[in-house]
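Dear colleague,

Please find below the structure that I promised to pass on to you.

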Amino acid sequence: MTRASSKEKKVINLALQGGGAHGAYTWGVLDRLLDDEEIEIAAISGASAGALNAAAFKAGMVEGGRQGARDNLDWLWGRMYGLGDVRLSHWLGVLEPAEVAQAIEYSMPFSLADIWSRLFSPYSYGPLYVNPLEVIAQALDFDHVCSEALPELFICATRVHSGKIRVFSGKEISTDAILASACLPNVFQAVEIEDAETGQVEAYWDGGYTGNPALFPLFDMNLPPDIVIVNINPLERREVPITPQQIQNRINEISFNSSLLRELRTVKFVQRLQDEGAVSEQRMKRAFIHMIANDELMNALSVATKVVPTPYILEKLKEAGRQSTDEFLAKHKKDLGKRNTVNLEDMFK
């Protein structure tokens, strides 16, 4: 592959949603973007699984360029494999993703774990409590993650006491910041982080509640106008959820999408003011919004496949992410830097 000239470069920002093991879809998206040397990433905003993907991508890119980023993402999701039961893949591989999701959801171990999570809090374990993500987060090279080299990173978490968003960037990003961004309160104990300026300790939960992910850091005038959102929480579901697990999952999806939708409404409002000449683009940046998603696949999956990272489903998600990105680039690469490829008006009807 010949290296693209600087004139051909398409420089974009990425906004990576959280969604547990479904973040493997974003793995596929990033893997495909790395294939295209005309695409460069200026900044990434991530929450939860999106934060882990962003940190692994940045650390790998700083250390070894595109191949380093690809290798680091492969390492990250290889470690995720270890959180599930690899033996399941021998028989789950003959099923469709929707059938796998249903098989896990109605299995005895998953049902017992679900009941347990509703009866006991993460604090019930006492000294036996372990966050399985900690080993993975600690293994990231934070000298590279916090490097001043591109892409810039913005990691979102939710302040427990105030319910407000906290965005970690630069040297603020740490193992605890990544764990805070991925801290589902019914699964993990709140992550406490000391504020370097005030010395006060604050507790944090998953960033998806207040910014999944936050777009506003990407509105900086020094960053390119294009924001590509990798959406892994379906905006719409065709069927009404009926089981307790389905209902809770849809509540979480709506909650995790609400902050994103609010920011997109603001983007549309600003664009309308700019089109009417009420606000100049020198005063307020014009952002171009794009989205890579596969709602059909995500509708076929469930909360079970979010919390049980089976190798079969992770590989299916990665493959789907690559395919979605391939289709996006074929259809919309020429639009980068010029216009939205998401119809924001239709989105809010």
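The notes below cover helix packing, a pair of strands and some backbone features.

This is a predicted model, in which local features need pLDDT of at least 70 and side-chain atom pairs count only at pLDDT 80 or more, while totals for chains, interfaces and linings use all residues. Residues are numbered from 1 along each chain as its sequence is written, and side-chain values use heavy atoms, with hydrogens and water left out.

Helices (DSSP runs of H or I, at least four residues) and strands (E, at least two) are numbered from the N terminus. Axes are lines fitted to C-alpha atoms, for helices over the stretch in contact, with angles from 0 to 180 degrees between N-to-C directions.

Helix α2 (residues 49–81) packs against helix α12 (residues 311–332) at an angle of about 150°, their axes lying 9 Å apart. This makes α2 roughly antiparallel to α12 (the term applies to angles over 145 degrees). The crossing of α2 over α12 is right-handed, that is, the near helix is turned clockwise from the far one by less than a right angle. Asp74, Trp77, Met80 and Tyr81 of α2 form the contact (heavy atoms within 4.5 Å) with Pro311, Leu314, Glu315 and Lys318 of α12. These residues comprise 5 nonpolar, no polar and 3 charged; Ala, Val, Leu, Ile, Met, Phe, Trp, Tyr, Cys and Pro count as nonpolar, Asp, Glu, Lys and Arg as charged, and the others, Gly among them, as polar.

Helix α1 (residues 24–35) also packs on α2, with axes that come within 10 Å and cross at roughly 150°. The two helices, α1 and α2, are therefore roughly antiparallel to each other. On the α1 side the contact residues include Trp27, Leu30 and Leu34, and on the α2 side they include Phe57, Leu73 and Trp77. The contact of α1 with α2 divides into 11 nonpolar, 2 polar and 5 charged residues.

Turning to the strands, β7 (residues 226–231) and β8 run parallel and are joined by 6 bridges. Ile227 stands opposite Ile289 in β8. Strand β8 (residues 288–293) is mostly covered, with 5 of its 6 residues buried (under 20% relative accessible area, with a 1.4 Å probe and protein chains only).

Finally, the backbone has two cis peptide bonds to note: Leu150 to Pro151, with omega near 5°, and Asn212 to Pro213, with omega about -10°. Pro151 is in the loop between α7 (142–145) and β3 (152–159), and Pro213 is in the loop between β6 (201–206) and β7.

With kind regards

Definitions and conventions
Parallel < 35°, antiparallel > 145°, perpendicular 65-115°, else oblique. Buried < 20%, exposed > 50% of the residue type's maximum accessible area, 1.4 Å probe, protein only. Pairing = 2+ DSSP bridges.
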